[in-house]
Amino acid sequence: MIPIRVAKPPRFGDGFIQIEPPAVREPLVNPAPAAHSEGHVTDMKVYIDGKFYAKEDAKVSVFDHGLLYGDGVFEGIRFYDGKVFRFEEHLKRLELSARAIALKLPISLAEIQEATLETIRQNELRDGYVRLVLTRGPGDLGLNPLLCPKASIIVIASTIKLYPPEMYENGLAVATCATRRVPHGAFSPMVKSLNYLNNIMAKMEAQNAGAGEGLMLNEQGFVAECTGDNVFVIKDGKMTTPPISSGALAGVTRAVVLEIAAELGVPVSEPDMTRYDIYTADECFLTGTAAEIIPVATLDNRPIHDGKPGPLTRKFIERFHQLTRSTGVAIY
Ligand code: PMP
């Protein structure tokens with residue numbers, strides 16, 4: 001167990017929360033670790049409620065409602081070359097997800113931010129992925145969240161490689177899933193909750209169909225998103241993506257792609273979309289923090305256009321990579 005020591009209290013600015021790096025850190029970490037984005041983190045340290053634990057000792061209560069009921073929320077965040085990409089957006093979405101399920105943050109957002117940065121530092125990473133988890137915390141065996149006095153926060157920093165490089169080169173096979181996206185009337189699909197069974201059931205279907213990702217439709221049969229990614233289509237130089245009202249998560253990468261589209265002068269609209277729009281598209285790609293931007297080669301074994309990543313998709317990927325390398329919140 002390594003206690004975390006935050007030397008200076010966080011400052012709240014007008015926009016993003018500015019935090020000064022702690023003057024004292026235990027143990028002292030290498031301020032400029034070599035980028036080890038490949039392979040596994042050795043001696044991983046996991047943050048749980050203010051303390052760092054070795055991977056094998058990083059455990060939560062069996063009475064935690066995050067485990068018992070999927071009662072909690074999370075974020076997946078990437079950092080590139082020593083900078084956390086779109087950190088503010090991820091923290092904001094975490095806060096909104098927590099608010100939507102009436103989960104009181106156990107520490108302030110500024111402290112969550114610092115705990116995240118410190119976890120990356122403790123693991124001496126420059127490139128990787130952070131999993132930020134807020135659980136309802138331990139309670140009794142009933143559903144009642146009021147019997148869970150304190151939420152828990154977990155931060156895991158590691159490396160990531162979602163799809164092999166050839167899929168970025170050649171495009172991904174996507175299959176439509178029979179499992180429909182959870183409707184807004186049942187539970188808001190905008191909440192990035194710890195209950196991902198809807199997406200997991202769909203992912204299984206995609207895997208059974210031999211596809212890398214699964215396309216999820218909503219109750220009305222309109223395209224919502226993929227099991228862990230948002231979906232974009234390009235046709236006649238114009239870009240479309242399903243609206244958030246379709247059941248799509250308000251993806252952070254989705255928002256970056258919309259920014260890039262504005263920059264490149266590509267017109268964007270968010271109409272109700274059906275599979276027809278994807279089958280007949282010139283180009284299609286998916287976006288997600290883990291997947292970044294990945295071209296789609298086929299949907300339900302039908303090639304999108306010529307079945308190869310299109311020229312605009314490549315432009316978006318290139319610009320996205322530039323942004324991930326040049327922007328973000330400094331870790332060290
Ligand atoms: N949809 C779902 C269901 C997801 O889990 C994710 C990954 N968080 C996304 C879309 C993409 O969102 P983001 O770009 O914020 O990672």
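Visitor: Where does pLDDT stay under 50?
Guide: Over residues 1-32. pLDDT is the predictor's confidence in each residue, from 0 to 100. The model still has 49 contacts beyond four places in sequence for that stretch, a contact being two residues whose C-beta atoms, placed from the backbone, lie within 7 Å. Residues 34-38 are also below 50, with 9 contacts beyond near neighbours in sequence.

Visitor: What should I do with coordinates where pLDDT is low?
Guide: Where pLDDT is low, the predicted coordinates should not be read in detail. This is a predicted model, so local features need pLDDT of at least 70 and side-chain atom pairs count only at 80 or more, while totals for chains, interfaces and linings use all residues. Residues are numbered from 1 along each chain as its sequence is written.

Visitor: And what is the mean pLDDT of the chain?
Guide: The mean is 91, and 88% of the residues reach 70 or more.

Visitor: OK, ligand next. Which residues are closest?
Guide: L249, G251, V252, T253 and T289 are the closest of the 14 residues that surround the ligand; to be near, a residue needs its C-beta atom, placed from the backbone, within 6 Å of the molecule.

Visitor: Which element gives the most to that shell?
Guide: α6, with 3 residues. Both α6 (252-264) and β14 (283-288) supply at least two. Helices (H or I, at least four residues) and strands (E, at least two) are DSSP runs, numbered from the N terminus.

Visitor: Which residues of α6 are buried?
Guide: V252, T253, R254, V256, V257, I260 and A261. Buried means 20 or more other C-beta atoms within 10 Å of the residue's own, all placed from the backbone.

Visitor: What about the largest nonpolar core, which members touch the most others?
Guide: V174, L215, C284, F285, L286 and V296, out of 40 residues. Such a core is a set of buried Ala, Val, Leu, Ile, Met, Phe, Trp, Tyr and Cys residues joined through C-beta atoms within 7 Å. Among the elements giving two or more residues to this core are α5 (197-208), β9 (213-217), α6 and β14.

Visitor: What does C284 contact?
Guide: Leaving aside neighbours within four places in sequence, C284 is in contact with V231, F232, V233, I278, V296 and I304. Apart from this core lies another, of 31 residues, including I77, L125, I154 and V329.

Visitor: Last one: how many helices and strands?
Guide: The chain has 8 helices and 17 strands. Of its 332 residues, 41% count as buried.

Technical notes:
A residue is buried if 20 or more other C-beta atoms lie within 10 Å of its own, exposed if 12 or fewer, and partly exposed in between; C-beta atoms are placed from the backbone.
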